[in-house]
Amino acid sequence: MTRTIITNSPEETIEAAAEIGRLLGKGDIITYKGDLGAGKTTFTRGLALGIGLGDVVTSPTFALVNEYIGENINLYHFDMYRITSEWDLESCGFYDYDFTNNIAAVEWSENIEKYLMGKIINITINALDEHKREITLEGDERFASAWN
Ligand SMILES: Nc1ncnc2c1ncn2[C@@H]1O[C@H](COP(=O)(O)OP(=O)(O)OP(=O)(O)O)[C@@H](O)[C@H]1O
Ligand SMILES: [Mg+2]
């Protein structure tokens, strides 16, 4: 199913994302489509808030992931801009992460989509102007009443 919302500020995007974050669970994988500066990282901060997680920590071992760590669940935020093959994925430590018991959000997932294991929810962000964003979610029935 598809849901769409227009936001007019980063704060509104964070709020919209938090609503989605509250509906997420273990094994979910958010994939993003959207240009540089569209708001993917901003949306991810909102997801973390909705999941009930605090501030981001940068992984010491893998420069392409930021981790939001909780007591029962973590959110792993990957930036795959420079990753183009399964070999890249393996060599950068991607497979050391536990996707089954946590949540992942993946920017620039186009190249690695077929290697992602989990329930995929896609978020597309279009910049309509400097502050306006059209955000579209494609996911399952869980999200039916989101962004009403
Ligand atoms: N409605 C909006 N929602 C989200 N961000 C907005 C909005 N309006 C303006 N912005 C600005 O757009 C930028 C979004 O940056 P962000 O890092 O989230 O994008 P990104 O898609 O992750 O980019 P990149 O591909 O470079 O990682 C920020 O500077 C933010 O302040
Ligand atoms: Mg980003």
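1. Strand 2 and strand 7 (residues 119-127) run parallel to each other and are joined over six bridges. The model is a predicted one, in which local features need pLDDT of at least 70, side-chain atom pairs count only at pLDDT 80 or more, and totals for chains, interfaces and linings use all residues. Residues are numbered from 1 along each chain as its sequence is written, chains are lettered from A and ligands numbered from 1 in the order in which they are written, and side-chain values use heavy atoms, with hydrogens and water left out. Strands (E, at least two residues) and helices (H or I, at least four) are DSSP runs numbered from the N terminus, and two strands pair if DSSP finds at least two bridges between them.

2. Of the six residues of strand 2 (residues 28-33), five are buried, that is, under 20% relative accessible area with a 1.4 Å probe and protein chains only.

3. The sheet as a whole is open and mixed in its pairing, with eight strands in the order 1-8-7-2-6-5-4-3. Strand 1 (2-7) and strand 3 (57-58) are the edge strands; each has a single partner strand, so one side of each lacks a neighbour in the sheet.

4. Helix 1 packs on the sheet through strand 1 and strand 8 (133-138), and its direction makes about 155° with that of strand 1. Helix 2 touches strand 2, strand 4 (65-69), strand 5 (74-79), strand 6, strand 7 and strand 8, its direction making about 175° with that of strand 5. Contact here means heavy atoms within 4.5 Å; axes are lines fitted to C-alpha atoms, for helices over the stretch in contact, and angles run from 0 to 180 degrees between N-to-C directions.

5. How do the two helices meet, and at what angle do their axes cross? The axes of helix 1 (residues 10-21) and helix 2 (residues 40-51) come within 6 Å and cross at roughly 45°. Residues in contact include Ile14 and Ala17 of helix 1, and Phe43 and Leu47 of helix 2.

Terms used. Buried < 20%, exposed > 50% of the residue type's maximum accessible area, 1.4 Å probe, protein only.
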